[in-house]
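Visitor: Hey, I've got a protein model to look at and I'm new to this. Can you walk me through it?

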Amino acid sequence: MGLSNFDFFRRVPRDLTEATKLGGCISITTVVILGVLTVLELQSLLRVTVDTKIEISHQEDEEFQVNLKFIFPSISCDWISINHMDIVGRREANLSSDTIHKHTLHGEYVASRVMSYEQPIDPIENPAAVAEVFENTRAVELSPENFETVTKAHRVVIVNFFAPWCPYCVALAPIYQEASQEVGRRIAPTHDVLFATVNCVSPQNYELCQREHIQVFPTLRVYRDGSNNPQAPHVHMHEEFRGPRTVASLSDFAVNVLKEVREARGELPAHEQVRAEERTTREYAHFGCVISGHIKVSRVPGSLVFLPIAEGHNFHTEAINMSHVVTHLSFGNHPFAGRNIPRKYRGNVPQDLGGVYADKKQDSQHATLFISRSGHITHEHYIKVVPSVFIPLRGKSVQTYEYTVNSNLYKMSEEEVPSVKLVWDIWPMEVVNVETRKPLVEGVCQMLGFLGGVFAFFMSLAWALQGFWRKLIKAQEAKLT
């Protein structure tokens with residue numbers, strides 16, 4: 001019993017087979033189709049696919065990053081504080097950080113923390129006594145009719161925009177009066193410096209205070225030769241006195257401003273010119289604020305609140321407009337920030353970190369504007385943050401955070417200060433995208449089985465067609481005979 005008896009692939013001698021044109025056509029077609037299918041199967045074997053699944057997040061990060069860029073066109077950076085709180089009790093008020101920045105609309109840097117203007121308050125409970133304080137103030141009262149005329153008629157005019165109900169204004173009134181008298185004695189016999197007041201609560205002065213963009217009480221504006229804005233109309237800014245509210249500080253400031261005005265006009269001899277240490281530090285209220293940067297927060301539900309605060313002042317809440325433009329908002333730290341995403345990550349890791357406001361290429365023409373069409377309006381944005389992980393076939397996994405957002409606005413009471421709130425909640429699940437490739441053995445077996453099946457199909461087809469062809473020929477021969 002020889003080894004050839006175990007041959008399962010016994011060969012039919014060529015002399016016993018018959019070649020036909022039909023069989024040749026089917027064979028050529030089979031070879032072409034098998035070649036194409038082999039290429040497609042090899043491509044499928046080498047192709048990398050991404051499987052997506054949702055599972056409970058086990059991220060161990062204690063913190064993650066909130067990236068933002070907001071523009072507030074109608075309020076000064078001097079008054080906007082950034083406050084953070086979260087569900088586990090973390091509280092940070094009036095944030096001051098190297099990673100969060102405030103600039104005016106014209107690019108001037110402003111400290112991220114709101115300055116403190118704490119001043120002593122003399123509490124006066126009796127309304128009649130409060131009225132008497134302002135009645136005894138001899139400063140010139142301005143109105144829309146005489147405002148421009150008076151400010152242009154003097155070299156220096158300091159205007160106190162106040163509200164009678166404001167305790168800081170009540171405390172300032174006698175100091176302001178005494179400083180006015182002190183300056184009058186020091187510059188006599190001239191009358192080049194005038195201390196004036198505007199009652200912003202008076203209905204006749206409402207439009208004047210609105211035109212001068214008065215948002216806090218008291219506001220002490222400085223007018224030099226009738227001008228409060230040296231860069232008007234190109235830059236929206238107003239010079240203000242923000243020093244200590246004392247008689248000495250106010251009077252020294254007014255006298256030095258007068259010297260500077262006279263010096264600028266060439267009216268002071270050399271020996272009377274203002275010394276460097278006497279020159280006033282010009283402080284301006286710029287309207288419009290850009291807040292950008294990032295903040296590290298705990299990886300739990302929390303919020304960021306852009307809240308106007310003014311220590312040492314009271315807000316004119318009706319004039320606080322929290323309209324804003326969202327040009328960027330994203331979560332997390334992008335591993336490819338500042339450079340192109342490697343090819344193997346493209347399509348799976350977003351260039352912009354993910355989210356409707358995350359596109360860093362957005363400009364003011366394409367950003368989203370949220371408008372307050374009346375006073376006392378607060379804006380709230382509720383954000384659902386969805387963690388996402390991409391695990392490549394080779395290389396490090398990448399964590400990103402995408403989100404959905406719902407926005408709303410509502411009216412506050414007249415006593416409350418409007419704000420802008422970002423409230424986020426983190427989904428406990430995460431979207432996991434894993435790159436996979438078909439195992440080699442499985443892919444080869446699948447390819448061979450598929451190709452073998454195709455070959456067997458065409459072999460069966462050839463036998464069937466050839467059998468049909470023979471019967472057809474025999475039938476024709478039978479008719480001829």
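Predicted model: local features only at pLDDT ≥ 70, side-chain atom pairs only at ≥ 80, totals over all residues.

Visitor: Let's pick a helix. What span should helix 4 have?

Guide: Helix 4 covers residues 167–187, which is 21 residues, so at 1.5 Å a residue it should span 30 Å. The C-alpha atoms at its ends are 31 Å apart, which agrees.

Visitor: Where does helix 4 bend?

Guide: At alanine 173, by about 35°. A proline, proline 174, follows within four residues.

Visitor: Which residues of helix 4 are buried?

Guide: Alanine 173 is one of them. Others include Tyr168, Cys169, Tyr176, Gln177 and Ile187.

Visitor: Switching topic: what's in the nonpolar patch on the surface?

Guide: That patch is formed by Leu22, Phe457, Leu461, Leu465, Phe468, Trp469, Leu472 and Ile473. Together they have about 720 Å² of accessible area.

Visitor: Which helix gives the most to that patch?

Guide: Helix 7, residues 440–480, with seven residues. Isoleucine 473 sits in helix 7.

Visitor: Now a loop. Where is asparagine 94?

Guide: Asparagine 94 is in the loop between strand 4 (91–92) and strand 5 (100–104). Leucine 95 lies in the loop between strand 4 and strand 5 too.

Visitor: Are those two buried or exposed?

Guide: Asparagine 94 is buried, with a relative accessible area of 6%. Leucine 95 is buried as well, at 11%.

Visitor: What does each one touch?

Guide: Leaving out residues up to four places away in sequence, asparagine 94 touches Ser81, Ile82, Asn83, Ser112, Arg113, Val114 and Ile309. With that same exclusion, leucine 95 touches Ile82, His84, Ser112, Arg113 and Ile295.

Visitor: And how far is leucine 95 from asparagine 83?

Guide: Their C-alpha atoms are separated by 6.0 Å, and the two are twelve residues apart along the chain.

Methods. Residues numbered from 1 in each chain as written. Heavy atoms only, no water. Helix = DSSP H or I, 4+ residues; strand = E, 2+ residues; numbered from the N terminus. Expected span 1.5 Å × (residues − 1). Bend = angle between axes of the 7 residues up to and from the residue. Buried < 20%, exposed > 50% of the residue type's maximum accessible area, 1.4 Å probe, protein only. Patch = residues over 30% accessible without salt bridge, like charges linked within 9 Å, V, L, I, M, F, W, Y side chains within 5 Å. Areas by Shrake-Rupley, 256 points an atom, 1.4 Å probe, with all protein chains shown as cover. Salt bridge = Lys/Arg side-chain N within 4 Å of Asp/Glu carboxyl O. Contact = heavy atoms within 4.5 Å.
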